[in-house]
Amino acid sequence: MAKAIVLLSALCVLAVANFAVADFEIFDVEGKVFCDTCRLGFVTSLSDTIEGATVRLTCRDMETHNETFTTEGKTDYIGKYTLTVEGDHENDICEVTLVNSPKDDCKEIVPDMVNNRVVCSKNVGMHNAVRFVNPLFFQKDKPIQGCKELVEQMELVDLSILENDKEEN
């Protein structure tokens, strides 16, 4: 009889612990922040990571747009940040936003590239507690030396067309 009571007590404790964990979820959101040295909007071999950049994660209710969660963090020596999200934000839109760059020569925020959405819910078929975000970019005022050659090498644009346009005008 005593064994049955101990077993029943243990099962009750486990059930309560499981119930408490089921309603509360913790996610890590990870990403990197770069200095877009060529002002191209994506990572290149000339891009630099930024140590000490500040990023903010904000979740807002889809219907009311009221803020439900926010946290900030800084990038490490390789430009990586990890933000911990508490709770399930299934009915929220969550975004990671650039806040500040410590690099005086790379502080400009591109309006179209200021934030990235991230899913912060356990009910989306993801079984990993880490959510990865696309890179975020601050950019230089002017492209650095070597960007034109990089663009030619990547064959993104036929620069001869641009040069011909200049000659015609």
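Colleague: What makes S1 and S5 a pair of strands?

Modeller: They are joined in the antiparallel sense over seven bridges, and two strands pair if DSSP finds at least two bridges between them, so they qualify. One of those bridges links Phe-27 to Val-85 in S5. Strands here are DSSP E runs of at least two residues, numbered from the N terminus. Keep in mind that this is a predicted model, where local features need pLDDT of at least 70, side-chain atom pairs count only at pLDDT 80 or more, and totals for chains, interfaces and linings use all residues. Residues are numbered from 1 along each chain as its sequence is written, and side-chain values use heavy atoms, with hydrogens and water left out.

Colleague: Why is Gly-41 called partly exposed?

Modeller: Its relative accessibility is 22%. Buried means under 20% relative accessible area, exposed over 50%, and partly exposed in between (1.4 Å probe, protein chains only), so Gly-41 counts as partly exposed. Gly-41 sits in the loop between S1 and strand S2 (48-49).

Colleague: What makes a set of residues a nonpolar core?

Modeller: The members are buried Ala, Val, Leu, Ile, Met, Phe, Trp, Tyr and Cys residues joined through side-chain atoms within 4.5 Å. The largest such core has 20 residues, and Val-33, Val-55, Leu-57, Tyr-81 and Val-96 touch the most other members. S1 gives the most to this core, with four residues.

Colleague: Which residues form the covered face of S5?

Modeller: Tyr-81, Leu-83 and Val-85 do, while Lys-80, Thr-82, Thr-84 and Glu-86 make up the uncovered one.
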